[in-house]
Amino acid sequence: MILIVVIILIGSLGGIVLNLTEDRYIFENYIKNKIETEEIFLISDSASEAVIKLLDSDDKNIDYIGEFWSQTLPVDIGKGKVIIEIADQERYLNPNYLIKGKNLDQKMYNIFERLFTILEINPKILNNIIDWIDPDSFSSGGEEEYQLFKAKNSKLDTLDELRLIKGIDDHIFNGTIKNGEFKPGLRSVISPYSNGKVNINTASKWVLMSLDQDIDESLASNILSYRAEKPFKRVDDLINVDGMNSDILYRIKPYIDVKSQNFLANIELIIGDRKYKLVILLNRSAKTKVIWKKLY
Ligand SMILES: [Ca+2]
Ligand SMILES: [Ca+2]
């Protein structure tokens, strides 16, 4: 819920809206025309087709907060309501990239180590995640043996799978308030669905700060203000940000991009007094494809 609020907040601050009226018109009509019955599967199919059309019509060379897909889209369907929230996954760090082949990727490890420090999460949990993912059954400081099962020893398939890893409780997963300040949980900063490159147009300040030791809170804030005015068209445009230098840019360049490839759509379907939740993971390369879809 917190994540959604943050997305709405950032979305409303973005202020860059292309063809909003026309897009919304096509979008609403697409859903409206499709709905003949209250049959929930029909509605969820329509909603997922609408999301595909929306992502296909978006400029794939750049993705930023403020684009149409990034806004909360409530669609009135007469007999009910559909609320669509889409988050690109490249705004997050992907823990699956901690392991390259059989080994730890030291540079990615440094990025995650900084992330855990920034969020004040016990570094032992990072080791638990690594041992969960890495293919061997030897502990690298983390947990391999669990009471009811063993560490998976392969990549994370879903975000919820993190909950199986030792030490990841509600506070660490969802976030917590420390000294009157909200510290985000892992679900707000990491995702196993991303392609591994952080989109500097959508990443939060915590993710940006993790990328390099010299990106402090003030530089991360400068990046956020810069892109709110003018989204990054190329990663090299970062050099124009106050406080950025070519050394930092050189170091983070392999880990960043200005576009996204994977999107998670959270769709609330309200029909009369019934409420459903539809979650769709989509991958967009040449065309947008549904990777999986879950209806609750
Ligand atoms: Ca775009
Ligand atoms: Ca292991």
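Okay, let's start with one pair: Asn-262 has Asn-283, in strand 10, as its bridge partner. Keep in mind that this is a predicted model.

Strand 9, residues 262-271, and strand 10, residues 274-284, pair in the antiparallel sense over 10 bridges. Zoom out and they belong to an open sheet of five strands, ordered 1-2-9-10-11, with antiparallel pairing. At the edges you've got strand 1 (73-76) and strand 11 (288-295), each pairing on one side only. From one strand to the next, the twist averages 20°.

Now, what lies across strand 2, strand 9, strand 10 and strand 11? That's helix 3, residues 40-57, which runs at about 35° to strand 10.

Okay, over to helix 5, residues 123-133. Eight of its 11 residues are buried, so the helix is largely enclosed by the rest of the structure. Among those buried are Asn-128, Asp-131 and Trp-132. The buried residues pack against strand 3 (99-100), strand 4 (103-104), helix 4 (106-118) and helix 6 (170-174).

And then the cores. The largest nonpolar one has 39 residues, and Ile-129 and Ile-200 are among those with the most contacts inside it. Helix 4, helix 5, helix 7 (205-211) and helix 8 (217-229) each supply at least two residues, with helix 5 giving the largest share, six. As for Ile-200, if you leave aside neighbours within four places in sequence, its contacts include Ile-223, Phe-232 and Leu-238.

Methods:
Residues numbered from 1 in each chain as written. Chains lettered and ligands numbered in written order. Predicted model: local features only at pLDDT ≥ 70, side-chain atom pairs only at ≥ 80, totals over all residues. Buried ≥ 20, exposed ≤ 12 C-beta atoms within 10 Å, placed from the backbone. Helix = DSSP H or I, 4+ residues; strand = E, 2+ residues; numbered from the N terminus. Contact = placed C-beta atoms within 7 Å. Pairing = 2+ DSSP bridges. Axes fitted to C-alpha atoms, helices over the stretch in contact; angles between N-to-C directions. Core = buried A, V, L, I, M, F, W, Y, C linked by C-beta atoms within 7 Å.
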